[in-house]
Amino acid sequence: MDYQDILSKRAQSLKPSGIRRFFDMIQGAVDVVALTVGQPDFDTPWHIREAGIESLRQGKTYYTSNAGLPEMRRQIADYLSRRFDLSYDPQEEIIVTIGGSEAIDMAMRALIDPGDEVIVPQPSFVCYSPLVTMAGGVPIELVTTEKTGFKLTAQALASVLTERTKLLVLPYPNNPTGAIMTREDLEPIAELLAERNIMVLSDEIYAEMTYGRRHVSIASLPHMRERTIVVNGFSKAYAMTGWRMGYAAAPAPIAAQMLKLHQYGIMCAPTTSQYAAIEALENGDEDIAYMTAEYDRRRRFIVDGLRRIGIPCHEPEGAFYVFPQIGAFGMTSEEFCKRLLEEHRVAIVPGTAFGDCGEGFARISYAYSVEHIAQALTRIEAFVEKLKQE
């Protein structure tokens, strides 16, 4: 059997995730301090777990509506309103998905026709460009730099807009850089898009993890709700990664097309997870506040530690990652991370996993305890001292 001839050319063209590659390298390894995966080290709060367990006790193991439990969608609508000043009809404009990733995939497949261009700011999470490709679109990777705080600017966006531009991905707060977009940052972009037939996919999975200021959704700006799909979920804010709970909020005509894809591909999100998520939305604000405060403490600790060691580091304002510069050590990002792992047993992710423009950087997750981070910093410092002597 000639599998290369049988398999989709689009699928074969995709590169495996650089994050998962380094994660897989440490499986079964001994004495490795890993700062690779963006997964909260908190357990899902007990009252949320209890709600899921209670739903099982009551035998609530049936399919739900394709779009999700009505109460779940009402709670999402209320949450978006009170936390981010967004107004969506829970009946027609909200779909419960299997994590934010499914929502991103559905949004792209609902919008993109072959040849459509999708602007993807980079560095950014690994899924966007591959999903554009699988939908038949053309990813236009727009580099952001440390000079602008890794923010997208209207000037840079205008330079890549064409008649074929269909969609802008807005991945803020950003993974891997920790950059955020303020209202002042977003307003020129909204003005640029206001007269164009271009949609925005705003991935707001880290919206609750900002430090010093509240997240602003571009959908809350004038004329942007009608052209924005908001994607969010429960994995980061509520430490519910394994529950696989996400959602999309979009104008009704777009949500209707996304729902058809969801119906055929998924049917509905897991029922037990939906009952747990309802509890999170109703009573989880204090959990968010506690975990975000702890991430802020870790953020300050790791940034100060890296700078003390002599590794320049842009200060993240959101998410739970730092993106330090490592190019001064005379190695590629890949080489630096491999040597750090092999010689000092610390696992971090090369910046190139998030786009070619990530060369010279590495991503370090601080979704780990301060003690864990401190151990990693001690080993990184020893590695840096060794490199200085070579």
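Predicted model: local features only at pLDDT ≥ 70, side-chain atom pairs only at ≥ 80, totals over all residues.

User: Why is D85 called exposed?

Analyst: D85 has a relative accessible area of 62%. Exposed means over 50%, buried means under 20%, and partly exposed is in between (1.4 Å probe, protein chains only). Residues are numbered from 1 along each chain as its sequence is written, and side-chain values use heavy atoms, with hydrogens and water left out.

User: Where does D85 lie, and what is its phi?

Analyst: D85 is found in the loop between α5 (70–84) and β2 (94–97). Helices (H or I, at least four residues) and strands (E, at least two) are DSSP runs, numbered from the N terminus. The phi of D85 is positive, about 60°, although D85 is not a glycine.

User: M267 is not a glycine either; what is its phi, and why is it called partly exposed?

Analyst: M267 has a positive phi of about 85°, and its loop runs between α10 (252–265) and α11 (271–283). Its relative accessible area is 35%, which falls between the 20% and 50% limits, so M267 is partly exposed.

User: What makes M108 buried?

Analyst: M108 has 0% relative accessibility, which is under 20%, so M108 counts as buried. M108 sits in helix α6 (residues 99–111).

User: How do you know that C127 is in no disulfide?

Analyst: The structure holds zero disulfides. For C127, the nearest cysteine sulfur belongs to C357 and is 15 Å away.

User: Is C127 buried or exposed, and why?

Analyst: Buried: C127 has 14% relative accessibility, and the cut-off is under 20%. C268 is buried as well, because its relative accessible area is 11%.

User: Which peptide bonds are described as cis, and what are their omega values?

Analyst: Among them are the bond from Q122 to P123, with omega near 5°, and the bond joining Y172 and P173, with omega about -5°. P123 is in the loop between β3 (117–122) and α7 (128–134), while P173 is in the loop between β5 (165–170) and α9 (183–193).

Definitions and conventions:
Disulfide = S-S within 2.5 Å.
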